[in-house]
Amino acid sequence: MSRISRIKGFADMFPEESERYTFMEAQARRIFGVCGFREWRTPLLELTELFRRTIGDETDVVQKEMYTFVDAKGRSLSLRPEATAGIVRAYVQESCYERERVSRVFTCGPMFRHERPQKGRMRQFHQINCECLGDPSPMADAEMILMLLEFLKAIGIGKTVLKLNSLGCVACRPAYVERLGEFLAKVSGDLCPDCKRRAAANTMRVLDCKRPECRAVLERGPKMSDFQCADCRDHFGRVTRLLDAGGAAYETDPCLVRGLDYYCRTAFEVLSADIGAQSAVAGGGRYDGLVWSLNGPDIPGVGFACGLERLAMLMPPTASAVPDFHLLVLDEGLLEDGFALMQDLRGRGLSGVMNHEVSGFKGLMRQADRSGAWFCLLLGPDEAAAGAVTVKDMREGGQRTVPRENVYDILAGDKS
Ligand code: HAM
């Protein structure tokens, strides 16, 4: 029988990697918690219709990237490709707006997109996602962005670029999209096949094309900023002023459009030059029509998500947790005695493991070395007879045999 391997685009995460994710999540909980955000957990699986209606039928995510299947009841279900749709569905379903005027939510977990895997692009990837529902003020946009930057700083990420754009709103965007469509129809012969297809189906996405020949054509095209209504202009102006006051560096980019359809007004991305082609480590923006599109009231929202796979590539190494002790019991008859000692130390907050079988001394010492523990504790017949334990300092060297009741104080004292 052949071995079973993991599927392409999915990763096994062993302790070193996993600990980086735990660290990022802990920093997110701390920083977002300070800003009044509370954690929600929504299902990984939702009705496909949810994503079609929110992310948009014409987006790549919905058209090509979802893991969709029909269940036994004939319903089309999809693994979530992002978290915002599920959060907003839960918000509407539980009428959260009746309980609080502004809901500040964060969530951490895996997302699924059937994209071509490459460095920084996985089919199962992890996001930390933040949403603020119920606040139309530009202060909410700026607060989200500043919070994101604070988070990136806390996990040791430097050298990123924040790009910002305003995508307009239902009042002013249609005129722009119409004009852009007319322009693209005229220059269609100079566009790549992807842009030609998008020009009809999802016009603004053409702005996102990275091919130099398309970029050169688009330079000559109409600009959203020339079509923006006074409210959108004012909103964006206030966001940028608040970011200036908050000391955030940013670039405005009139070609920044997002891959999901629900955005209006502020859109932003944080990019890094150090992780290859998939350079966006975070992205987000305002989505004032999203709650309404799920049959909720007309309630605004703004949020972002960061991709942990990409952040993990940029983070400085984090120190792994070092166990306090590795207990070596040197005689079969003392295993239960050793077990009680280990449980006592663990119960008092120290971390460590012991051997469950007694083998040669050299092999046991090798286990203690590999564990990386601060102290190796030796319990053999001599120690047992004297009610003692030998404490070997694995960092500084040296060892001493001490009464058993002193072991905790020695280990705990050296820790502090
Ligand atoms: P997004 O830009 O699609 O936005 O994804 C956010 C981040 O997730 C990206 O910047 C990237 O770091 C990471 N990411 C996306 N796809 C992959 C992948 N295949 N492999 C690895 N990382 C990936 C959203 O998902 C929106 N829901 C963000 C949002 C929240 N907007 C408002 N609220």
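How many of the residues of strand β14 are buried? Five of its five, counting residues 375-379, so defined because buried means under 20% relative accessible area, exposed over 50% and partly exposed in between, with a 1.4 Å probe and protein chains only. Strands here are DSSP runs of E with at least two residues, and helices are runs of H or I with at least four, numbered from the N terminus.

Before I go on, this is a predicted model, where local features need pLDDT of at least 70, side-chain atom pairs count only at pLDDT 80 or more, and totals for chains, interfaces and linings use all residues. Residues are numbered from 1 along each chain as its sequence is written, and side-chain values use heavy atoms, with hydrogens and water left out.

Back to β14. In a regular strand the side chains alternate between the two faces of the sheet. Two strands pair if DSSP finds at least two bridges between them. β14 runs parallel to β12 (residues 325-329), with five bridges joining them, and Leu 379 stands opposite Val 329. With β15 (residues 388-393), β14 runs antiparallel over four bridges; there, Leu 377 has Val 391 as its bridge partner.

Next, an open sheet. Eight strands form it in the order β1-β5-β6-β11-β10-β9-β7-β8, with mixed pairing. Each of β1 (38-39) and β8 (251-252) stands at an edge with a single partner strand, so one side of each has no neighbour in the sheet. Between β6 and β11 there are seven bridges in the antiparallel sense, and Ile 128 has Cys 306 in β11 as its bridge partner.

Now the ligand. Which residues come nearest to the ligand? Of the 26 around it, they are Glu 82, Glu 115, Glu 131, Tyr 263 and Ala 280; a residue is near a molecule or strand if one of its heavy atoms lies within 4 Å of it. A polar side-chain atom of Glu 82 is 2.6 Å from a nitrogen atom of the ligand. A polar backbone atom of Val 281 lies 3.3 Å from an oxygen atom of the ligand. The elements giving two or more residues to the shell around the ligand are β6 (124-133), β10 (280-286) and β11 (301-307). β10 gives the most, five residues.

How values were computed: Polar contact = N/O pair within 3.5 Å; in protein donor to acceptor, adjacent residues only side chain to side chain.
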